[in-house]
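Please look through the structure shown below with this note beside it. The points that follow go through it piece by piece.

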Amino acid sequence: MNPTFSPLLPADSGAHIGIAGAGLLGQLLAWQLSMKGFQVSLFDAASASSPNSAAHTAAGMLAPISEAAVAGPEVYTMGLYGLKRWQTWLGQLGPQASQCFHRQGSLLVAHPQDECELQQFLADTRCLNNEPDCAINSLNQAQLQQLEPDLSQQFRSGLLLEPEGHLDNREILEYLRQVLQSNKVAYHEQTPVEVAPYTLKAINTAQQWRFDLVIDCRGAGARHSNRGLRGVRGETLHLQTTEVHFIRPVRLMHPRYQLYVVPKPDHRFVIGATQIESEDTSPISVQSSLELSSAVYTLAPAFAEARILEAGVNLRPAFSDNLPQCFSRPGLLTANGLFRHGYLLAPAFVDHLLAQISQSAPSPFASYLPTHHHYDEPVYE
Ligand SMILES: Cc1cc2nc3c(=O)[nH]c(=O)nc-3n(C[C@H](O)[C@H](O)[C@H](O)COP(=O)(O)OP(=O)(O)OC[C@H]3O[C@@H](n4cnc5c(N)ncnc54)[C@H](O)[C@@H]3O)c2cc1C
């Protein structure tokens, strides 16, 4: 970590920044940097109308308690910050975007024979007991039914994780794209690039662009050139039905898997997600689709008549500790590793990166998100 903090570019310098990858991080950084007066060019391998980012596949849950249970209390702290920041950001994106933020908590339920999973969850989150706002409420069957009347009555107990929420993430990505257009961000779609300090090079045409700073936000797309980065396969189903009216994410705790249902606009639901240590991006397997469908049917039998609109597969970008990391050298900032909590941690990570790029004060998350400098950064092959 660099003890003497120095920003990469002075604020309002009008410097030109090239960003590789227009997924979650790339779009958010492009938006924030364009608002600060930087000239920004954004490159993505996919077309804007048919995105291929983990951000597009994701369920958009903001689940600081659930994620901290597997990742530790720093994820909780950054996650709470994320919940507040998303609300502010969406307000800045406009009144319609504000409607994409939902905070009614999330529910955890288990089959009667698996109720020990709920006890285990409480044990796994004991480290959060003294954390601010960490409200976990035990519910009986009647309380579960009151919160989600369409939930199967077989569930006798559950947990309400009060601080949690979710986003209509695909809609937000679309609003971001619109604001980037108004902010005159140059968007190069269908342009896969190679990344080097000060330079982006189109893989297909060998065209090159020079910048004052390049930011590498290629997510799992950077795994072949970014040592230590891996992709973790995740599969989802997108369903549509008017028969189920869940208003909050519901997770089924099971000894072999944890699956969730997240409500989306237009009577849609995202059912997710598998987590497989594989970089295979081929279509969803029969086993995964059976597990996802049977879990959702167990949660609410009315899902039986839902229509399957889509089966999504993508890779979560992750380092070995499953936490985001940035690497800085002159002309190049690499930001990656948001793993399965990208939406939750993006606000803390983006603000941390902005502090490095343009501000004069260090980031409030410097102790959680160390910046590696050129002497210990990943090697670009
Ligand atoms: C199934 C699934 C469910 C998830 N659910 C949640 C959730 O509920 N809550 C949550 O907080 N997080 C969730 N996530 C995690 C979240 O989606 C990721 O952490 C986040 O999207 C990572 O952001 P990113 O910008 O680093 O990568 P991405 O969003 O994947 O964006 C990377 C972009 O780089 C582009 N790219 C790649 N290579 C190149 C190249 N050579 N040149 C140009 N462009 C390139 C890609 O096309 C893509 O658009 C989920 C992820 C998955 C897969």
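**Notes on the model**

1. Leu159 touches Ser106, Leu107, Leu108, Leu118, Phe121, Leu122, Ile136, Asn137, Ser138 and Leu139, leaving out residues up to four places away in sequence, where a contact means heavy atoms within 4.5 Å. Leu159 sits in strand 7 (residues 157-161); helices (H or I, at least four residues) and strands (E, at least two) are DSSP runs, numbered from the N terminus. Leu159 counts as buried because its relative accessibility is 2%, and the terms used here are buried for under 20% relative accessible area, exposed for over 50%, and partly exposed in between (1.4 Å probe, protein chains only). Gln145 lies 14 residues from Leu159 in sequence, and their C-alpha atoms are 12 Å apart in space.

2. A word on how to read these values: this is a predicted model, in which local features need pLDDT of at least 70 and side-chain atom pairs count only at pLDDT 80 or more, whereas totals for chains, interfaces and linings use all residues. Residues are numbered from 1 along each chain as its sequence is written, and side-chain values use heavy atoms, with hydrogens and water left out.

3. The UniProt annotation "domain: FAD dependent oxidoreductase", from an unreviewed entry, covers residues 18-348; UniProt positions are given in the numbering used here, feature names are shortened, and annotations may be inferred rather than shown by experiment. Over residues 18-348 the chain is 30% helix and 29% strand, with the end C-alpha atoms 21 Å apart.

4. Which residues are closest to the ligand? They are Asp44, Ala54, Met61, Phe339 and Tyr343, among the 35 residues that surround it, a residue being near if one of its heavy atoms lies within 4 Å. An oxygen atom of the ligand is 2.9 Å from a polar backbone atom of Leu25, a nitrogen atom of the ligand is 2.9 Å from a polar backbone atom of Val193, and an oxygen atom of the ligand is 3.0 Å from a polar backbone atom of Leu344.

5. A search of the whole structure finds ten aromatic pairs, and one of them, Trp31 with Trp89, is edge-to-face, at 6.0 Å centre to centre and 80° between the planes. This pair links distant parts of the chain, since Trp31 is in helix 1 (residues 24-35) and Trp89 in helix 4 (residues 73-93), 58 residues apart. Rings of Phe, Tyr and Trp (its six-membered ring) pair if their centres lie within 6.5 Å, and planes under 30 degrees apart count as stacked, over 60 as edge-to-face and the rest as tilted. Both Trp31 and Trp89 are buried, and together with Trp86 and Tyr343 they form one aromatic cluster.

6. Helix 10 (residues 342-357) has a kink of about 30°, centred on Ala348, where the bend at a residue is the angle between axes fitted to the seven residues ending there and the seven starting there. One of the residues found in helix 10 is His352, which is in contact with Cys326, Ser363, Phe365, Ala366, Leu369 and Thr371, leaving aside its neighbours within four places in sequence.

7. Why is helix 3 (residues 64-71) described as largely enclosed by the rest of the structure? Six of its eight residues are buried, namely Pro64, Ile65, Ser66, Glu67, Ala68 and Ala69. Just after helix 3, Gly72 takes a positive phi of about 105°.

Notes:
A polar contact is a pair of N or O atoms within 3.5 Å; within protein, one must be able to donate a hydrogen and the other to accept it, and residues adjacent in sequence count only if both atoms are side-chain atoms.
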